[in-house]
Amino acid sequence: MNSPFHIKKTLNNNAVVATDASSMELILIGKGIGFGKVKGDVIEANVIDKLYILTSEKEQEQYVSLVRSLDESFIELLNDVITHIEKRMQTTLNEHIHVALTDHMAFAVKRLEQGMDIRNPFLLETQTLYPKEFTVAEEVIEEINQALGIHLPDGEIGFVALHIHSAVTNRSLSDINQHSRLINRLAELIEESLEIKLDRKSINYLRLVRHLRHTIERVEAGEKVDKQEKLAKVLKEEYPLCYNLAWKLIKVMQNTLNKPIPEAEAVYLTMHLQRLT
């Protein structure tokens, strides 16, 4: 980032679209770097605070639209938030977070101003599934609340945590949300089948949710699990209710993920279910 950049388009006083020596388009952020500048003007690297490549043309267009429609101080705040996330997660984030999180938080603040509150039904599951992302999301919401003098609902912590996990793992939000919905559906099926009310904060429930998450990830990655035929026979005889429920859960997972689930997963699920009873 040492060579000078040439402005292609000024977005506001603090943001421009520019090209580097290889003609690659980038979004440059810095105090006053767009003030009084026109197409073709040169920007030296030492005045740039942040540089976003946004290789996807669609995402670059979306970000440009966001920058033009939102207050400059809000864009600056979200840039600081994303920098904080990257430092805390100690990894490079997928560039999509610049568009997705900025857009989400702008909408969240607007909803708050209009007195609207969107409930997050997967808050506890999100905290259990992605504890590190959830902790960082708590910090993000606190930073935004303090900067804007507002109080966003706790549900936003869960939404931000999912954005962070998406950016860290390069997985789409739709896939992540599908998994959260699947785990919630499995929990409801467990309650119905065992005629119990799950304590969403109990250690056994947390272990179950984490196991389901890892099961889904193994299935998605195509990982094989060693067969546990002897243990399966014992569990089937000792805990028939939990063993049969485990297979019911596996069938739901198979139908949702459209992928086969190794038979050994029934063994591990049975043990988790037995703890719940």
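A crossing of two helices is left-handed if the near helix is turned anticlockwise from the far one by less than a right angle, and right-handed if clockwise. The model examined here is predicted, with local features requiring pLDDT of at least 70 and side-chain atom pairs counted only at pLDDT 80 or more, while totals for chains, interfaces and linings use all residues. Residues are numbered from 1 along each chain as its sequence is written, and side-chain values use heavy atoms, without hydrogens and water.

Helices (H or I, at least four residues) and strands (E, at least two) are DSSP runs numbered from the N terminus. The crossing of helix 1 and helix 3 is left-handed. Contact (heavy atoms within 4.5 Å) involves Glu59, Gln62, Tyr63 and Leu66 of helix 1 and His96, His98, Val99, Thr102 and Asp103 of helix 3. By class, 3 of these residues are nonpolar, 4 polar and 2 charged; Ala, Val, Leu, Ile, Met, Phe, Trp, Tyr, Cys and Pro count as nonpolar, Asp, Glu, Lys and Arg as charged, and the others, Gly among them, as polar.

An open sheet is formed by 5 strands in the order 4-1-2-3-5, with antiparallel pairing; two strands pair if DSSP finds at least two bridges between them. Strand 4 (42–43) and strand 5 (50–52) each have a single partner strand and stand at the edges, so one side of each lacks a neighbour in the sheet. Antiparallel pairing of strand 2 (residues 15–19) with strand 3 (residues 25–29) extends over 5 bridges. Ala15 has Ile29 of strand 3 as its bridge partner.
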